[in-house]
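Hi,

Here is the structure I promised to pass on to you. Have a look at it first, and then read my notes below.

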Amino acid sequence: MGEIILVRHGQANSGATDEASYDKLSDLGHQQARWLGDYLSDREKPFDKVISGSLRRHRETAAGMGYDAPQIDPRLNEMDYFNLGQALEDVHGIPFPGPEDFAAHVPQVMEAWHRAEIMGVESFASFEARVTGVLQEAAEPGVRVLCVTSGGVIGMIMRYLLDLDPTRMAHVLLPIMNSSLHRVHVIPQGPILAGFNAVPHLDHPDRAYALTHY
């Protein structure tokens, strides 16, 4: 049986208002990555492949985990949520939310994007195709693959594995935590979900402050 472990990057610059300034780990994000790397080194067998998105926060997370030269695959890069949010405001007059309104905003963005009413740098169909493509390529029998990516990519993979509509996909991606682990087993019938949103490296009383979503 093969296995794919998806890792969401550590905490990024959560106070940012655009993608460029968001794309770097905070001090806590670097620490989350180091703790996760220690956990995997202690508990997991070596990986046959380590793949990272090309965004800075992906590469910094991989490096903090101890993987200084991962294979870089831009298909693991996040959706362009800041531009999608702006497009939703332009088309439907729904303003970009603060933290308290984000849970209601994400399903609205996913539904409008899926219906092709809005678009950032790519269509929903294009995002879906690139994400499912990298998953299908990584799903090799007998091969263990680590992928460092973002919450939206993980949400899209959940959509693919569980046949979720855009609203349920949004509800799945909302609780995804920084530096969380998500397991996919590769069986003869194809990839199946085996674990979601685990943070065992943060399961210590003195690390409760490190349980972050953004």
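A word on terms before the findings: a residue is called buried under 20% relative accessible area, exposed over 50%, and partly exposed in between, using a 1.4 Å probe and protein chains only. Please keep in mind that this is a predicted model, in which local features need pLDDT of at least 70 and side-chain atom pairs count only at pLDDT 80 or more, while totals for chains, interfaces and linings use all residues. Residues are numbered from 1 along each chain as its sequence is written, and side-chain values use heavy atoms, with hydrogens and water left out.

Let me start with strand β4. Helices (H or I, at least four residues) and strands (E, at least two) are DSSP runs, numbered from the N terminus. Strand β4 covers residues 144-149, and six of its six residues are buried, so the strand is largely enclosed by the rest of the structure.

Which strands pair with β4? Two strands count as paired if DSSP finds at least two bridges between them. Strand β1 (residues 2-8) runs parallel to β4 and is joined to it by six bridges, with R8 opposite T149. Strand β2 (residues 49-52) is also parallel to β4, through four bridges, and here S52 stands opposite V148.

Now to the charged side chains. With a salt bridge taken as a side-chain nitrogen of Lys or Arg within 4 Å of a carboxyl oxygen of Asp or Glu, the structure holds 15 of them. One joins E19 and R57, at 2.8 Å from N to O. This pair links distant parts of the chain, since E19 sits in helix α1 (residues 19-22) and R57 in helix α3 (residues 56-64), 38 residues apart. E19 is partly exposed at 21% relative accessibility, whereas R57 is buried at 1%.

Another salt bridge brings together K49 and E140 (2.6 Å, N to O). K49 belongs to strand β2 and E140 to the loop between α6 (124-138) and β4, so the pair ties together parts that are 91 residues apart in sequence. K49 is partly exposed at 33%, and E140 is partly exposed at 29%.

E122 and R130 also form a salt bridge, their closest N and O atoms being 2.6 Å apart. Here E122 is buried at 13% relative accessibility, and R130 is buried at 16%.

Best wishes
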